[in-house]
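Biologist: Hello! Could you show me the model, so that we can go through it together?

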Amino acid sequence: MSLPDPPVVVVLGPTATGKSALGLFLAERLGGEIVNADALQVYRGLDIGTAKPTAEERARVPHHLVDVIEPSERFSAGEFARRARAAITGIRARGRRPVVVGGSGLYLRALLEGISPIPPGDHEVRRRLLGRLEGEGLATLHEELRRRDPATAARLLPGDGQRILRALEVVESSGTPLSEWIARRPYGRERLRAVRLGLTLPRALLYDAIERRVARMVERGWVEEVRRLLSRGLSPAAPAFQAIGYRQLARHAVGDWSLERAQEETVGATRRFAKRQQTWFRKEPDILWLDAREVEREPATVIELC
RNA sequence: GGCGACGUAGCCAAGUGGUAAGGCAAGGGUCUGCAAAACCCUCAUUCCCCGGUUCGAAUCCGGGCGUCGCCU
């Protein structure tokens, strides 16, 4: 009979609060390895704008789920949760401590609460639905969802094309409504034991930090990185170009916007993103909230919490 | 000093007699495989100020103040 594994350490919170630095510190002190929970750091080639850990940092502490897919590939919360669980299992088998670091709320929930194992969607089905969206309109599709998955249709707003399409894709390709898949294994059924540390800053300070950080990224060659991606033939419509800043800087690269404009738009989008992250995490359970300024001064005090 | 234009929310802005569009920003929220995505809600009892005309004024008239432009 062996002792139970110690809980996973999770460092979460809005962007620009120092999650990476704290994660690195904790991993070194606890004999841990880092599991990335950032939806964009998984992409190869997106380095500066995603604040990806440097080669030096990655040499100091092993990082998982960083640089694992091509910018042209689509990733997902389910895929993330599967890979992250596998990484955690591996880390524990090595007798080390998993330290999950990231700000992607859905990814964290999928990992920590367990996401329903829905069969992968079908490209053909999706193509057909997209065609019908253009031809028949969203209202018709929502109406159809009302017949095929009433519970999900009632839950979704009529304007929410992304989710209406997804729900239809699930019933159509699996024959079982999304609401049924969820009922079979809802959030919380496969909860991971974890200490959740949330870094936070007062809104005004957070917004200033974002502005400074974007400026620093541009100084470090963010524009050149975007140009490199585009000249490599990556489409501006690629999944990875959903990333904040990459989208805006691409418009500068093709001559639509001045650098100043692209940078301002990036700061604005990042601020709105940080606000959404705060909204999401606000209601997540069991988070120990820590003031980012205090953690930066005295990171050692955090160790006892783990 | 004279003449002209303009003054509507934090910003941009529509409205020219019938009871304040819209966009951005901001704030709040939703979220089960695109999530740094997508979607939703809130946000001017009042239109620079004072007086007048009118049943009724952001809209018309007079005066004041301010901004900009041109002239001297």
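**A walk through the model**

Modeller: Happy to, and please keep in mind that this is a predicted model. Let's start with Asp286, which sits in the loop between helix 13 and strand 6 (287–291). Asp286 is not a glycine, yet its phi is positive, at about 60 degrees.

Biologist: Is Asp286 buried or exposed?

Modeller: We count the C-beta neighbours of Asp286 inside 10 Å, and there are 10. A residue with 12 or fewer is put in the exposed class. Asp286 therefore counts as exposed.

Biologist: And which class does Ala51 fall into, buried, exposed or partly exposed?

Modeller: Ala51 lies in the loop between strand 2 (32–36) and helix 2 (55–60), and its phi is positive too, near 55 degrees. Inside 10 Å, Ala51 has 17 C-beta neighbours, so the class is partly exposed.

Biologist: How is helix 12 oriented relative to helix 13?

Modeller: Helix 12 (residues 246–253) and helix 13 (residues 259–282) pack with their axes 9 Å apart, at an angle of about 170 degrees. Angles over 145 degrees count as roughly antiparallel. Helix 12 is therefore, relative to helix 13, roughly antiparallel.

Biologist: Which helix gives the most to the surface near RNA strand B?

Modeller: There are 50 residues around RNA strand B, with Ala39, Ser76, Gly78, Gly159 and Pro186 coming nearest. Several helices each supply at least two residues of that surface, among them helix 3 (77–93) and helix 8 (161–174). With 10 residues, the one that gives the most is helix 13.

Note on methods:
Residues numbered from 1 in each chain as written. Chains lettered and ligands numbered in written order. Predicted model: local features only at pLDDT ≥ 70, side-chain atom pairs only at ≥ 80, totals over all residues. Axes fitted to C-alpha atoms, helices over the stretch in contact; angles between N-to-C directions. Helix = DSSP H or I, 4+ residues; strand = E, 2+ residues; numbered from the N terminus. Parallel < 35°, antiparallel > 145°, perpendicular 65-115°, else oblique. Near = placed C-beta within 6 Å. Buried ≥ 20, exposed ≤ 12 C-beta atoms within 10 Å, placed from the backbone.
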